[in-house]
Amino acid sequence: MSQTRSHSGLLIEPDGGKLVELFVDESQRDLKRKEALNLPKIKLTKIDVEWVHVLSEGWASPLKGFMRESEFLQTLHFNSIRLEDGSVVNMSVPIVLAIDDSQKNQIDGSSSVALVVDGNNPIAILTDIEIYKHNKEERIARTWGTTAPGLPYVDEAITHSGNWLIGGDLEVIEPVKYHDGLDSFRLSPSELRDEFTRRNADAVFAFQLRNPVHNGHALLMTDTRRRLLKMGYKNPILLLHPLGGYTKEDDVPLYWRMKQHEKVLEAGVLDPETTVLSIFPSPMHYAGPTEVQWHAKARINAGANFYIVGRDPAGMSHPLEKRDLYDADHGKKVLSMAPGLERLNILPFKVAAYDKTKNGMALFDPSRLQDFIFISGTKMRTLAKTKESPPDGFMCPGGWKVLVEYYDSLDQAENGGVSEPVPA
């Protein structure tokens, strides 16, 4: 059942005016578990569970569950959803649940289904359901702008999924937990809003990332805070918000990224007093300008009124050709024009690079081109794999050590060891 929370004070209002949380009241949980036992069951994939998590906490407010067909079509064709009052909220990626023919037949006229994980354990009930055709080719073409083979999310979550989609209102029996040692970092939009209020934030600027933080990133975030203070804000707070759902195989896993981000804060490269480090539970699509709208919209619901956007946000290399899949500037351009994101202030990245004259990261000055080195993600990975040190001032030593440990663990795994520490 949906619960709405209104938020007063200095923070931006959630989409639709209220934060929509989809948890069952604690007193009703046992009753709902019993109810779920007698319903047709849909077994969820890992990515399905991540979407239940996203929906349950209100990241996709005002959605009340997996999309019905009208919401799905509006998302695909307009990147937005029109509400009953005529207002428009941004919604650029479909949040849908696929089922196959046998599951569809098993539902057989029932108006509700239980959503289950390992061992038929129910985590939610989907009510007032609607089943409609899953046109995969159209969904892929409109979300990614291509149907080229090799799109990671498509291969993982769409290609082999069912030919039907089931939408409805979500009743989540209890909060989704991962028991991976990182649950304390998974603050919901409501918890983040409480934390920003506790810190007396009068502006919140969000930085979405799925890579380790180097000093260039830190410089850009620090510079953003300086710009906001200059604009008259008294206490801007940074939401450092790594993506915690599905990512492609060659991305650094969440466990190691969080360990690295903590070292950056410990070293004071980012100020812990003005930074909130939290995990964004969404899966990653790598859908460029389409997906970056979702990343921005979700942060509005968490209380952010400024969003930092860099080069080729949510992009990837073309799966078949030697080029980027998306134009590097289109993400920031689309964000500045996207329907339903008018309330969000977009802050385009300045470019940071390694300045040889300062032995550190600095804002790029094209008039001194010869003084700068651009250290790509590929170059960074190569250095870490070979245990070479980057130039002084590129990344805090503690953070770099974590990266070296990660690539060392990959080598051990290839030689029969364990690739990732199991958190206690």
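Is Glu174 buried, exposed or partly exposed? I looked this up and found that Glu174, at 37% relative accessibility, counts as partly exposed, where buried means under 20% relative accessible area, exposed over 50% and partly exposed in between (1.4 Å probe, protein chains only).

Ground rules for these entries. I am working on a predicted model, in which local features need pLDDT of at least 70 and side-chain atom pairs count only at pLDDT 80 or more, while totals for chains, interfaces and linings use all residues. Residues are numbered from 1 along each chain as its sequence is written, and side-chain values use heavy atoms, with hydrogens and water left out.

Entry on salt bridges. I count a salt bridge when a side-chain nitrogen of Lys or Arg lies within 4 Å of a carboxyl oxygen of Asp or Glu, and the structure holds 26 of them. Glu174 is paired in this way with Arg33, at 2.3 Å from N to O. Arg33 sits in helix H1 (residues 29-37) and Glu174 in the loop between strand E9 (164-172) and helix H7 (189-198), so this pair ties together parts that are 141 residues apart in sequence; helices (H or I, at least four residues) and strands (E, at least two) are DSSP runs, numbered from the N terminus. Arg33 is itself partly exposed, with a relative accessible area of 26%.

I next looked up Asp15, which forms a salt bridge with Arg343, the closest N and O atoms being 3.0 Å apart. Because Asp15 lies in the loop between strands E1 (3-5) and E2 (19-21), and Arg343 in the loop between helix H11 (330-337) and strand E14 (345-348), the pair ties together parts that are 328 residues apart in sequence. Asp15 is buried at 2% relative accessible area, whereas Arg343 is partly exposed at 36%.

Entry on the nonpolar cores. I take a nonpolar core to be a set of buried Ala, Val, Leu, Ile, Met, Phe, Trp, Tyr and Cys residues joined through side-chain atoms within 4.5 Å. The largest has 80 residues, and those with the most contacts inside it are Phe66, Ile95, Leu115, Leu170 and Trp294. Helix H2 (residues 46-57) gives the most to this core, with 6 residues. A second, separate core of 23 residues includes Phe207, Leu228, Leu277 and Phe306.

I then followed Leu115, whose contacts (heavy atoms within 4.5 Å) include Phe66, Leu97, Pro122 and Leu170, not counting residues up to four places away in sequence.
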